[in-house]
Amino acid sequence: MRAAITALYRRLSCDTVQAFAASVAPADVAFCDTDDLHLGAQRVAREIVRHFRLPDARLIVGFREMTHAAHVELAAGPEYFVELNDRFRTHRRDIGAALAHEVTHVYLHRLDLAFPTTAENEILTDTVATYLGAGWLLLDAYREDGVSSQKLGYLTPEEFGYVLAKRSLFFGEDPSVWFTSAQAYTAYARGLDRARQDGRQPPLTAAGWAGRRRYAHDRRHVSGVPPTAPYSFSPDPAGRLRVSFPCPTCHQRIRVPVRGRVRARCALCRTVLECDT
């Protein structure tokens, strides 16, 4: 997920990512049982295509029996054929979630952004859909009750919550008001806690007492820094010590001198970080 966020910033630029400050609105993808199945699916598909700024892409949506939730043929375009599982004929409120994932496949195909394996590409797709404002639908499709359960996408609910929280912290948007699923709200809250921890890792000044003490110890014994530590030390060409750590926003590695209080600016996402190195 973190590698996917970094790859997204590298491919799009910070300015383009910031253009997705508004998420897909619930009203735009609402689907009532009284709506015509095919006309309603086409309408929702158009809204998600519009959100991803793909005006020359047209989705043709159909339904059939299949193992997976949905599938899209990634051809040259401009028409893309999406097949949804037959169960969405009676679970219409989740059609938007399934289409969000498939339209993101089209978006990444147009960007020529891909990872080496199928599993990594599915994680990339869910991450990009969520970070760019359409993936909250996938998390909201996670529901459990006494007799059944449902989850869409390849990320776990907590992982969806984490990526959604990263987006929330970057854009200042609270998606929890849109959830209809209690389980989605819980997963988002857990993800938000984990996302906030990213901004409390040393050498950031927001790190807690325990983290700062561990960092001070590792700075004195750089050869013994454990590989699980969120930072690493290395000398610059002049032999002066530098520390490398991931940006809490985009996870690109940042290197700064070890010399006390330092203000760093991530070159990729432009986040300004207060550090005590």
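Let's start with Cys250. Cys250 counts as buried, at 0% relative accessibility. Buried means under 20% relative accessible area, exposed means over 50%, and partly exposed lies in between, with a 1.4 Å probe and protein chains only.

A word on the source. This is a predicted model, where local features need pLDDT of at least 70 and side-chain atom pairs count only at pLDDT 80 or more, while totals for chains, interfaces and linings use all residues. Residues are numbered from 1 along each chain as its sequence is written, and side-chain values use heavy atoms, leaving out hydrogens and water.

Back to the cysteines. How far is the sulfur of Cys250 from the closest cysteine sulfur? The distance is 3.5 Å, to Cys266, and that is too far for a bond. Cys247 is also buried, at 0%. Its closest cysteine sulfur is in Cys269, at 3.5 Å, again too far for a bond. A disulfide here is a pair of cysteine sulfur atoms within 2.5 Å. By this rule there are zero disulfides.

Next, Thr271. Thr271 touches Cys247, Thr249, Ala264, Arg265 and Cys266, leaving aside residues up to four places away in sequence. Contact means heavy atoms within 4.5 Å. Thr271 sits in the loop between strand S9 (261–265) and strand S10 (272–276). Helices (H or I, at least four residues) and strands (E, at least two) are DSSP runs, numbered from the N terminus. Thr271 is buried, at 17% relative accessible area.

His251 lies in the loop between strand S7 (241–246) and strand S8 (253–257). His251 has a positive phi of about 70°, although it is not a glycine. His251 is buried, at 12%.

Arg53 also has a positive phi, about 60°, and is not a glycine. Is Arg53 buried or partly exposed? Arg53 is partly exposed, at 46% relative accessibility.

Now the core. Nonpolar side chains tend to be buried together in soluble globular proteins. A nonpolar core is a set of buried Ala, Val, Leu, Ile, Met, Phe, Trp, Tyr and Cys residues joined through side-chain atoms within 4.5 Å. The largest one has 85 residues. Tyr9, Phe52, Leu84, Ile95, Leu99 and Tyr107 touch the most other members. Helix H4 (residues 95–111) gives the largest share, 10 residues. Tyr107 touches Leu12, Phe20, Phe52, Leu54, Val128 and Leu132, again not counting residues up to four places away in sequence.

Last, helices H1 and H5. Ala4, Ile5, Leu8 and Tyr9 in H1 meet Leu124, Thr127, Val128 and Tyr131 in H5.
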